[in-house]
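Me: I am new to this structure. Please take a close look at one part of it, the place where one chain meets another, and walk me through it in short sentences.

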Amino acid sequence: MKLVPLFDRVVLKQLVAEETTKSGIVLPGQAKEKPQQAEVIAVGPGGVVDGKEIKMQVKPGDKVIYSKYSGTEVKVEEEDYIIVKQNDILAVIE
Amino acid sequence: MKLVPLFDRVVLKQLVAEETTKSGIVLPGQAKEKPQQAEVIAVGPGGVVDGKEIKMQVKPGDKVIYSKYSGTEVKVEEEDYIIVKQNDILAVIE
Amino acid sequence: MKLVPLFDRVVLKQLVAEETTKSGIVLPGQAKEKPQQAEVIAVGPGGVVDGKEIKMQVKPGDKVIYSKYSGTEVKVEEEDYIIVKQNDILAVIE
Amino acid sequence: MKLVPLFDRVVLKQLVAEETTKSGIVLPGQAKEKPQQAEVIAVGPGGVVDGKEIKMQVKPGDKVIYSKYSGTEVKVEEEDYIIVKQNDILAVIE
Amino acid sequence: MKLVPLFDRVVLKQLVAEETTKSGIVLPGQAKEKPQQAEVIAVGPGGVVDGKEIKMQVKPGDKVIYSKYSGTEVKVEEEDYIIVKQNDILAVIE
Amino acid sequence: MKLVPLFDRVVLKQLVAEETTKSGIVLPGQAKEKPQQAEVIAVGPGGVVDGKEIKMQVKPGDKVIYSKYSGTEVKVEEEDYIIVKQNDILAVIE
Amino acid sequence: MKLVPLFDRVVLKQLVAEETTKSGIVLPGQAKEKPQQAEVIAVGPGGVVDGKEIKMQVKPGDKVIYSKYSGTEVKVEEEDYIIVKQNDILAVIE
């Protein structure tokens with residue numbers, strides 16, 4: 001069973017807090033818009049979305065910072081995922 | 001009697017919670033925007049919607065995750081359906 | 001006396017609840033956005049509406065599901081009608 | 001003294017309730033968006049409005065249904081008028 | 001000292017209530033959006049405003065009805081003026 | 001040290017109240033949207049802003065009326081400035 | 001570890017208050033939209049964003065004034081950064 005996102009949507013797997021801390025990224029709890037570190041699991045095909053051509057810039061395996069509140073949480077086979085639009089991804093962590 | 005959606009609308013049949021659990025998907029009850037698993041029943045023709053060309057990406061029989069609050073519930077011959085815009089479908093489950 | 005809608009507007013006659021029940025459609029009373037079954041009475045000419053070319057997809061006599069709250073109720077010669085934009089019609093019932 | 005509307009605006013004269021009743025149209029008082037019957041007095045030239053070409057579809061003398069709350073009431077030489085955008089006119093009564 | 005409006009802005013001088021009454025126009029005090037009678041003092045050059053070509057349709061000396069709440073009041077050399085966008089002018093009074 | 005505005009932004013220096021009064025302009029304190037008199041200090045390059053070509057119409061040294069609440073106040077080397085978008089400038093004072 | 005912004009996003013490092021004061025810029029604490037002085041750390045590639053071609057106008061090392069509330073704060077390896085869209089940068093300080 002696999003989530004195949006439509007259009008410019010991206011399936012993310014949130015990196016757990018412990019791992020996050022180890023990698024040196026701490027997300028400030030008091031921020032109004034909570035940024036989140038996650039791994040890209042699946043990427044939609046892009047194409048014309050809402051009348052605009054969108055090219056996908058991220059790929060599975062990328063680690064990214066995204067805006068939590070724009071995403072939708074789903075649980076598939078005991079795993080939690082977040083589905084966001086690519087535009088809700090702020091930066092790739094290299 | 002049959003629902004024929006206009007434009008980019010899609011008729012969905014929500015998969016019952018029991019089946020959902022068996023398939024391994026659990027929808028978190030506390031999420032603000034509740035995602036939903038459903039089967040595609042009928043798909044509008046797409047075309048120019050609000051001045052933008054829209055191609056339909058889903059087909060009857062697809063299982064999908066959608067954003068519940070954007071849809072409209074109807075009951076036809078004792079069956080409940082949800083009519084959403086295709087853009088409210090987040091991902092196909094394969 | 002006749003209502004001739006402008007642009008992409010459509011004049012609907014709501015099907016009475018009794019007829020609705022007989023035809024097997026029951027509209028859930030608790031839904032936030034109440035869907036409605038109605039018959040199309042008159043259809044505007046379409047054309048360029050708000051800068052966008054709109055083709056009319058429904059015709060008088062069609063039975064449709066529409067979103068109630070987007071329409072405007074009028075009473076002409078003791079008959080109640082609802083005037084909606086075509087985009088507020090979700091599906092045709094065949 | 002004469003009101004010459006700009007762009008896509010239309011000057012309307014509301015038909016009095018008595019005449020309205022005689023003509024068989026009763027406007028429901030409980031409707032959230034009160035529709036109104038009126039006669040077209042003057043019509044703007046149309047043309048490019050907000051970047052979009054608008055053709056005027058109504059002419060002086062037409063009886064129309066319009067959405068009251070979008071208009072602006074003015075009184076000229078003891079007569080009340082309403083100035084609306086053409087798009088606030090829902091239908092012509094023939 | 002002179003106010004030269006930019007883009008599609010128009011400088012208006014509100015006609016005093018006494019003159020207004022004499023000319024037969026009474027503005028209803030209870031209207032939610034208070035219309036106002038004024039004389040055009042200066043007119044911006046128009047041109048491309050927010051990506052759209054705008055032609056100015058009014059000229060200094062025109063008497064107009066405008067929507068009060070869209071304008072900005074300024075006082076220059078003991079005179080009060082209102083600066084509105086041309087689109088806030090509803091009609092010219094001839 | 002110098003502020004170089006980006007895009008269609010303009011750096012303004014508010015004219016002090018005393019000078020304002022001398023020049024004959026009094027800003028009404030009770031106005032909901034407080035207009036302000038200021039001198040243009042620096043002007044962005046214009047160009048394509050948010051997909052629209054914008055030409056700068058003001059230049060350093062111009063005295064202008066602007067809408068206060070759209071700007072951002074900054075203090076550089078003990079001097080207060082306001083950075084606004086050109087579209088928040090209502091008129092030039094000549 | 002490095003933050004690589006997507007599209008028109010820019011990674012900023014806020015200049016500390018002490019340094020800010022030394023450089024002569026004081027940010028008024030009572031301003032509703034708090035401007036902020038920061039250094040540009042990384043700049044997205046620009047390109048077509050939301051259907052519009054965007055060219056990046058800032059480069060790493062630039063000192064800029066930005067609107068704080070549009071950004072998202074992240075902490076990477078004990079350093080705090082802010083990710084903003086380029087359009088939230090008001091001016092470059094030279």
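Reply: What follows is a tour of the contact between two chains, then a look at related places.

This is a predicted model, in which local features need pLDDT of at least 70, side-chain atom pairs count only at pLDDT 80 or more, and totals for chains, interfaces and linings use all residues. Residues are numbered from 1 along each chain as its sequence is written, chains are lettered from A and ligands numbered from 1 in the order in which they are written, and side-chain values use heavy atoms, with hydrogens and water left out.

Start with chain G and chain A. Chain G brings 21 residues to the contact, and chain A brings 20 residues. Contact here means heavy atoms within 4.5 Å. The two chains bury about 1900 Å² between them. Carbon and sulfur atoms carry 60% of that area. Buried area is the accessible area (1.4 Å probe) that two parts lose on being put together, summed over both. Within chain G, the residues that lose the most area to chain A are G:Met1, G:Leu6 and G:Phe7. Together they make up 27% of what that side buries.

A salt bridge is a side-chain nitrogen of Lys or Arg within 4 Å of a carboxyl oxygen of Asp or Glu. Six residue pairs are in polar contact across this interface, with both residues at pLDDT 80 or more. A polar contact is a pair of N or O atoms within 3.5 Å; within protein, one must be able to donate a hydrogen and the other to accept it, and residues adjacent in sequence count only if both atoms are side-chain atoms.

Which elements of chain G supply at least two residues each to the side that touches chain A? They are β1 (3-5), β8 (72-76) and β9 (79-85). Strands (E, at least two residues) are DSSP runs, numbered from the N terminus. The largest share, five residues, comes from β8(G). By type, the side of chain G that touches chain A divides into 10 nonpolar, three polar and eight charged residues. Ala, Val, Leu, Ile, Met, Phe, Trp, Tyr, Cys and Pro count as nonpolar, Asp, Glu, Lys and Arg as charged, and the others, Gly among them, as polar.

Strands also pair across the contact. β1(G) and strand β10 (residues 89-93) of chain A run antiparallel, with three bridges. Two strands pair if DSSP finds at least two bridges between them. In this pairing, G:Val4 in β1(G) stands opposite A:Val92.

Next, chains E and F. Strand β1 (residues 3-5) of chain E joins β10(F) through three bridges, also running antiparallel. E:Val4 stands opposite F:Val92 there. Within chain F, β10(F) pairs with strand β7 (residues 63-67) in the antiparallel sense over four bridges. F:Ile65 stands opposite F:Ala91. β10 (residues 89-93) of chain F is mostly covered, with five of its five residues buried. Buried means under 20% relative accessible area (1.4 Å probe, protein chains only).

Last, chains B and C. Here, too, the count is one salt bridge. B:Asp50 and C:Lys52 form it with their side chains, at 3.3 Å from N to O. β1(B) and strand β10 (residues 89-93) of chain C pair antiparallel over three bridges. B:Pro5 stands opposite C:Ala91 in β10(C).

Note on methods. Buried means under 20% relative accessible area, exposed over 50%, partly exposed in between (1.4 Å probe, protein chains only).
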